[in-house]
Every structure is written in C-alpha cells, then in structure tokens.
Amino acid sequence: MSTAAAPERMPALYLSHGAPPLADDALWPGQLAAWSADLPRPKAILMVSAHWEEAPLALGATETIPLVYDFWGFPEHYYQVTYAAPGAPELADSVRKLLRAPGIPVQDVPDRGLDHGAYVPLVEMYPDADIPVLQVSMPTLDPRKLMDIGRKLAPLRDEGVLIVGSGFFTHNLAALRASGGVPSWSAEFDDWGQRALAAGDVDGLLDFTHKSPAGALAHPRTEHFAPLFVTLGAVEASGELGTQRSVIDGFWMGLAKRSVQFG
C-alpha cells in the first residue's frame, strides 16, 4: 500500500497580469512574489489568459516552446524575456477528460506558447520556471459558460493544480489615454467588484455590465474580466466562494490591479 500523501487542494486565483513593464514597477513584482511564496507549491499550473480566445476550447503547447510576444511598440528588451517552464502533457490529458463531452470538442494547438497574460505574472511568481504550465483558451466570453468550464476543471485542484484566471480587474486603454491618475470609472468598478466578491454576489458579477457602476467603461470588451468566471466556477462546487480575499489591490496606470485568492 502506498504511503504517499495526497496532494493538498490548491487555491484558485484571479490575478491582474500586467503588461510587460510590470517587471519595472517598484511594488507589484514583490507583491506577486510574496503571494506565490504564501501558496502551497503547485504540481502544475493551468492558465486561462485574457489574451487567448479560441473556440472550440484549445490546449496550448505541452512542451517548452518560445513565448508569444503579443504586444507592440515596447522597447526591445521586453521581447527578450524568456520563461522556459516545462510542458504539462499529463495535465493536458486530465483537462481533455474533464472537458470532452458529446458535441463539445477540445482541440490541441501544439505550437501555441504562453502569451504575456500567462508568462508576465509567472516570471514574478515562479521565476525558476520549474513548474509545468499549461495554457488553455477561452472558447467564449459568456460568464455563465466560463463558470461551467471552471466547475468541470475543479477536480484538478485536488491533484495539486493551481488554476489561474489571468486578466485585469479594470481594462479600458482607450479611455486611459484621455485621463490622468485613476479614472472615476476604474475606481468605482473596483470598489463595486471588491464588495460583490466579499458578499459572494455571483449573480451580480455574472451581470456586471448592467449591475455595476461604469461597467461599460471599466470593461468595454469583457475579455479581461472573463477569466474570473473560470476561477469562480472552480471554487463554487466546494463551497469556497466565501473564502475569497484580495491579495493585491490598488491601481497601475489607472487600472485596478485587484487580484483575488479563493481557498
């Protein structure tokens, strides 16, 4: 009989991932590093990034391949960043088994590396790049469908997998260009979102475009808020919605960088 201990159930995260210049911020990298140091060590990491939408749901590379530098106009050194995390083929197999159902295909995109929504925070959280990482696409921006995906992925947490929804708590770059400091729409949405999370108001979060102040300005397109719902689904079945806590808050270039842990 094996005496090996079962993996500890991992928390599930929603984090604001930052742009490539995150590495130069005086505060934020240290906050991410302190957060990861306080977590159980993952067996593997499953990343759902705002920057990969593809249907049907796609699994990225399961071996180490070059990163996706999906941004433009930055200094050259941001395109020299590397993050050679091991691939996670066993995790990919588990995801296929959990998500595949009649009429619901799962595809493989073996040449799709980690995008900046995945590797930018991971460089700060796990700089040794020694934990296997798998990125999966968002096949929809429908919050309810994303929650259902999260529910199906929830068993991975008991196998030591850290599920991370990577977005930005407010995200409207066009509106930022016309304002200085923290815009009122960003501050108002951040305050509402923090209170909705603390109250476990899933219905309000699901309908955030109508029930939140300035929702249309905070997220004119919802891809940066959408990964939150995968995270919510992954903790709902185990009754851990009430365990949420904001590990990082405040603003970066006017955007709310609120990042939340469940479990």
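Predicted model: local features only at pLDDT ≥ 70, side-chain atom pairs only at ≥ 80, totals over all residues.

P56 sits in the loop between β2 and β3. Residues are numbered from 1 along each chain as its sequence is written, and side-chain values use heavy atoms, with hydrogens and water left out.

Back to P56: the peptide bond from A55 to P56 is cis, with omega near -5°. Most residues other than glycine have a negative phi, and most peptide bonds are trans. A129, in the loop between α3 and β5, has a positive phi of about 50° although it is not a glycine. A129 is buried, with a relative accessible area of 12%; buried means under 20% relative accessible area, exposed over 50%, and partly exposed in between, using a 1.4 Å probe and protein chains only. A214 also is not a glycine and has a positive phi, of about 60°. A214 lies in the loop between α8 (208-211) and α9 (215-218) and is partly exposed, at a relative accessible area of 25%.

Now the helices. How many of the 10 residues of helix α3 are buried? Nine are, so α3 (residues 116-125) is largely enclosed by the rest of the structure. The buried ones are H116, G117, A118, Y119, V120, P121, L122, E124 and M125. Their cover includes β1 (12-16), α1 (28-37), β2 (44-53), β5 (133-138) and β6 (161-167), where contact means heavy atoms within 4.5 Å. At the N-terminal end, D115 caps α3, with a side-chain oxygen 2.9 Å from the backbone nitrogen of G117. A polar contact is a pair of N or O atoms within 3.5 Å; within protein, one must be able to donate a hydrogen and the other to accept it, and residues adjacent in sequence count only if both atoms are side-chain atoms.

In helix α2 (residues 89-99), L91, A92, V95, R96 and L99 are buried. They cover an arc of only 140° around the axis, which puts them on the same side of α2; the arc is that of the directions from the helix axis to the C-beta atoms. E90 and K97, on the other side of α2, are exposed. The buried residues of α2 pack against β2, β3 (58-59), β4 (107-108), β5, α4 (143-153) and β6.

The largest pocket holds about 490 Å³. Among its 23 lining residues, A19, F74, H171, L173 and L255 are the closest to its centre. On a 1 Å grid over the protein atoms alone, a cavity is a set of points where a 1.4 Å probe fits but cannot get out, and a pocket is an open set with protein on both sides within 12 Å along at least five of seven lines; lining residues have an atom within 4 Å of a point. Grid points are joined across faces, edges and corners, and a volume is the space filled by probe spheres set on the points.

There are three cavities of 30 Å³ or more. The largest cavity has about 120 Å³ of space. Of its 16 lining residues, A61, E63, A85, L114 and V133 are the closest to its centre.

Technical notes:
Helix = DSSP H or I, 4+ residues; strand = E, 2+ residues; numbered from the N terminus.
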